[in-house]
Amino acid sequence: MPPPALKRSTLLVLCACVLVAQSMVAAINLLIPQFMASSPHPSHSQLLWIVDAYVIAFAGLLVPAGALGDRYGRKGALLTGLALFAAGAATGALAADPSVLIAGRAVSGAGAALITPATLSILMRLSTPETRARAMGAWTLSLGLGGGVGNLAGGFAGQYLSWRALFAAMVPLAALLAAAVAATTPRTPRSPGTGLDPLGTLLLTGGLVAVLFGIIEGPSYGWTSARILGAFAAGAVLTGAFTAHALRSPAPLFDPRVFASARLRAASLGTATGFFGLFALFFVNSQYLQEAKGMGAALTGLAILPLPVGMAVSQRLAGRWAAHPRALVGTGLALIGLGLLAASTADAHTPYALYVCWLLVVSAGTGLSMPALTVGVITSLPAHQAGLGSGLGTTARETGAALGVAVTGTVLSAHTGLLDGMGPALRVVALVVLAATALVIAGWGGRNPTLRSATPVPERVASPSTPHR
């Protein structure tokens, strides 16, 4: 029998889970000064790993985590993810040594890798075609809210509390969310035919981690350094080995031929592009507000809140126009690029009210495009692989975000100060976003071929998952 229909309480709880997981990506950035000044006194290299361990574990494990939920149960994967997230936060809060803190961050990131695809997969399995656009809009809004809430929490903790207090607060919060998931979220049918493929999982995860390490650490070590070139080479070799293995395996983690779908390629590129622009803005935004506008950490967190507000308003429009995903995606990504071009003109004398208008243009573009892009990725795969599809989509998000920060940081490092480099950095990012937008629009119109599922599984879903055209 089909799973029950999506209830409002279930939607709210699942969105809260992904909001909390995403918030710990952003919160850490406003705590860097406190990390440097307080015990356990990490070195510069250790500080980088405190910031990056969460993101690398999060993004590197998303695809196998999604497949794990498909095979053994999405609700169980979500609850396990919340437990890992809490365990990592508790380890970090009690850490007396930087290496323990780094390990705690990595464990929490692994938990987030289970949480994020499980929430999206459950929503896709429970929603109907009539409610899917609203559910996807709420889920993607939660990602944006996670960034805003993370900045706000990190700012207040950095100014009034401590980083340990923020980490400790995550433990009861995760426990509360786990209780809410247990009470409100039904179990969805498993897909026992979905392969876990231990060798493929190891190869793909290793390749993604190596590439992400290269992207994130490139500005620090230098893009032509032996460490970074070695990371990219290892990533290419491991990813190539995964592809060769998956093409021969009777039950691969996923079939690389899914990328024959023009829709999947376009939606993945569009997802990465949107977060590339958004996180480039996040990277300079807090620095600009604190250094150029003289705001404290807590006020900076509040000043960023117009971003999720703009997303919320624009997603209501996106829900009404869900039948025209190509137009939504093209318009939304173009607005992100244009908003970044406008923000690149900001200087120390730019009124905050004018700067907020540019933030709202970027957030409106994100709100318009992300629901359609999310659905585009998920519906390009067979319905029983919804967790895997959400893992691929979220990997594209996190990779785009890491690239946005890396490119922006690289351009900034070539200038003498933030105000000298912020304009050129945002212009470079904006031009990349606009060029990628043209590719996404062209690809979205391509034919979406029928995809081979490695192990067909009888479908038991609330409704057919038909790709939007």
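The model is predicted: local features need pLDDT of at least 70, side-chain atom pairs count only at pLDDT 80 or more, and totals for chains, interfaces and linings use all residues. Residues are numbered from 1 along each chain as its sequence is written, and side-chain values use heavy atoms, with hydrogens and water left out.

The protein has 17 helices and zero strands (DSSP runs numbered from the N terminus: helices are H or I, at least four residues; strands are E, at least two). Its radius of gyration is 21 Å, close to the 23 Å of the globule rule for 469 residues, so the protein is as compact as a globular protein of that length. The radius is taken over C-alpha atoms; the rule is 2.2 Å times the number of residues to the power 0.38. Along the principal axes, the C-alpha atoms fill a box of roughly 60 × 45 × 45 Å.

Of the 469 residues, 57% count as buried (under 20% relative accessible area; exposed is over 50%, partly exposed in between; 1.4 Å probe, protein chains only). Among contacts (heavy atoms within 4.5 Å) with a separation of 6 or more, 84% join residues 24 or more positions apart.

Ser249 lies in the loop between α10 (226-248) and α11 (262-292). Ser249 counts as buried because its relative accessibility is 17%. The C-alpha atoms of Ser249 and Asp197 are separated by 8.6 Å, with the two residues 52 apart along the chain.
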